[in-house]
Amino acid sequence: MNIRSLTRGDGAVIGAAVLLLIASFLPFFSIDHTDKSVSSWSPALFPLLPVVTLGALASAAAAFVARNQPAEKKIVGLSLQQWSTALAVIVGWAALWSAFSNAVPDVGQGDANSGVSKGAGAWLTLIFGLAMAAAAVLADRLPALQAPLMGAPKPAQQPYGAGPQGQPYGVTPPQAGYGYPGGAQSVDPAYAQGGHQAAPFGGGAPQQAAPAAPAADFTAFWFAVPVPRPLYSEDGAGGQIAELTPGTWYLAVEQRGQSLIAQTQDGRRGVLQDSSGIQRG
C-alpha cells in the first residue's frame, strides 16, 4: 500500500472517518447536573454506530484500497471509489438526522427528555459527518482536492562544489551509463544524434529516425510521478509494460503531443499518457 497514491480528497475522507471514530466515544447525550452520559456505543442509540461510525470507516477503507489497486475492481456493479462516495453520503445524511434525535422516545407522557441535552459527541458527529460527505462528493471535482496528498520526494542536495544533484531518499543510484537529475544524459544518444534505428509510433517497419529536435524544442529531463501511473508500449498496441511509482526518478527522452516517452532505470521505454502533476528533477 502506497500513501503517495492518495489525493487530498481521499485524505479528507479518511481524516473525517478517524474524527468520527473519536467522536463516537464522547457523550452524545448528557443528563444535566449529573455525570451520566450516553455515547454512540450505547445500544440505546443503535443504529447510529453501524451507520455513521462504522460506515465512515468502511468509506475510508474503500477510498484507500481504490487508490492502490492496479486495475479498477467492481463490487455489485460499482467501483471501490463509487462505494466510498456512496457510503460517505449515507454517513452525512445519517449524521444530519441524528442531530434531531431524542434520548428517550416521546410516548405522550410529558417531556421525557427534560434535563437531557446533546453532548460534544452529537455536535462533532454532525460536523464531521457532513464534512466527510462533502469531501467525498467534491474529491474528483475540485482541483484542490485532486492534488496528491503528498508530493513526490525531493532530490537530496549535494554540498556546494560536490557532484551533481543526488537521488531522492530511498532510491538506489543508477548504474553506469544511466544519467541523473541535473547531470549529463547518457541514455539513447540517438535522440541527440539521430543515428538510431527506431520503429515509428504505432508500429510499422523500422526506419531511420529523423534528427532530434533542437534543445530549445525538447530537452531530456528527469521526473517523478505523484501517483502510480502505467507505462504503455511504444508500438501503439496499448499494452502496459511497466508502472511508474512515486519516489523513483524516470527519464523523459521525447514528447509526443501530450504524452511523454519515458525510460525506466532498467532501460525499458514506453509512453506515459498522463503527465499531469509530475515533478521535474
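How many bridges join β8 to strand β11 (residues 250–256), and in which sense do the two run? Three bridges join them, and the sense is antiparallel. The legends below start from other parts of the chain and come back to this pair.

This is a predicted model, in which local features need pLDDT of at least 70, side-chain atom pairs count only at pLDDT 80 or more, and totals for chains, interfaces and linings use all residues. Residues are numbered from 1 along each chain as its sequence is written, and side-chain values use heavy atoms, with hydrogens and water left out.

**View 1. An open sheet of three strands.**
Welcome to the sheet with the order β2-β1-β5, whose pairing is antiparallel. Helices (H or I, at least four residues) and strands (E, at least two) are DSSP runs, numbered from the N terminus, and two strands pair if DSSP finds at least two bridges between them. The edges are held by β2 (37–38) and β5 (116–118), each with a single partner strand, so one side of each is left without a neighbour in the sheet. Strand β1 (residues 29–31) meets β5 over three antiparallel bridges. To find your place, look for F29, whose bridge partner in β5 is K118.

**View 2. The largest nonpolar core.**
Here 18 residues come together, and L20, F28, A56, V91 and M132 have the most contacts inside the core. A nonpolar core is a set of buried Ala, Val, Leu, Ile, Met, Phe, Trp, Tyr and Cys residues joined through side-chain atoms within 4.5 Å; buried means under 20% relative accessible area, exposed over 50%, and partly exposed in between (1.4 Å probe, protein chains only). Two or more residues come from each of α1 (8–23), α2 (48–67), α3 (80–98) and α4 (120–138). Of these, α4 gives the most, with five residues. Another core, of 12 residues, lies apart from this one and includes V225, A242, Y250 and L272. In soluble globular proteins, nonpolar side chains tend to be buried together.

**View 3. The rings of F28 and F29.**
This is one of the seven aromatic pairs in the structure. Rings of Phe, Tyr and Trp (its six-membered ring) pair if their centres lie within 6.5 Å; planes under 30 degrees apart count as stacked, over 60 as edge-to-face and the rest as tilted. The centres of F28 and F29 are 5.1 Å apart and the planes stand at 70°, so the pair is edge-to-face. Both residues are buried, F28 with a relative accessible area of 1% and F29 with 5%.

The side chains of R67 and D10 meet at 2.6 Å, N to O, in a salt bridge. The term stands for a side-chain nitrogen of Lys or Arg within 4 Å of a carboxyl oxygen of Asp or Glu, and by this rule there are six salt bridges. R67 belongs to helix α2 and D10 to helix α1, 57 residues apart, and the pair links these distant parts of the chain. R67 is partly exposed at 25% relative accessible area, whereas D10 is buried at 1%.

**View 4. Strand β8 and its two partners.**
Now back to the opening pair: strand β8 (residues 221–224) points F221 and F223 one way and W222 and A224 the other, and all are buried. F221 has A252 as its bridge partner in β11. Two bridges join β8 to strand β14 (residues 279–280), again antiparallel, and there F223 has R280 as its bridge partner. The charged end of R280 sits over the ring of F221, 3.7 Å from its centre; this calls for NZ of Lys or CZ of Arg within 6 Å of the ring centre and within 35 degrees of the ring normal. F221 and F223 also form one aromatic cluster with F218 and Y250.

R229 and D274 meet through their side chains in a salt bridge (3.6 Å, N to O). R229 is in strand β9 (residues 229–232) and D274 in the loop between β13 (269–272) and β14, 45 residues apart. R229 is buried at 9% relative accessibility, while D274 is partly exposed at 37%. A further salt bridge joins E234 and R269 (3.1 Å, N to O). E234 lies in the loop between β9 and β10 (240–244) and R269 in strand β13, so the pair ties together parts that are 35 residues apart in sequence. R269 is buried, at 17%. Both E234 and R269 belong to a network of salt bridges that also includes E254 and R256.
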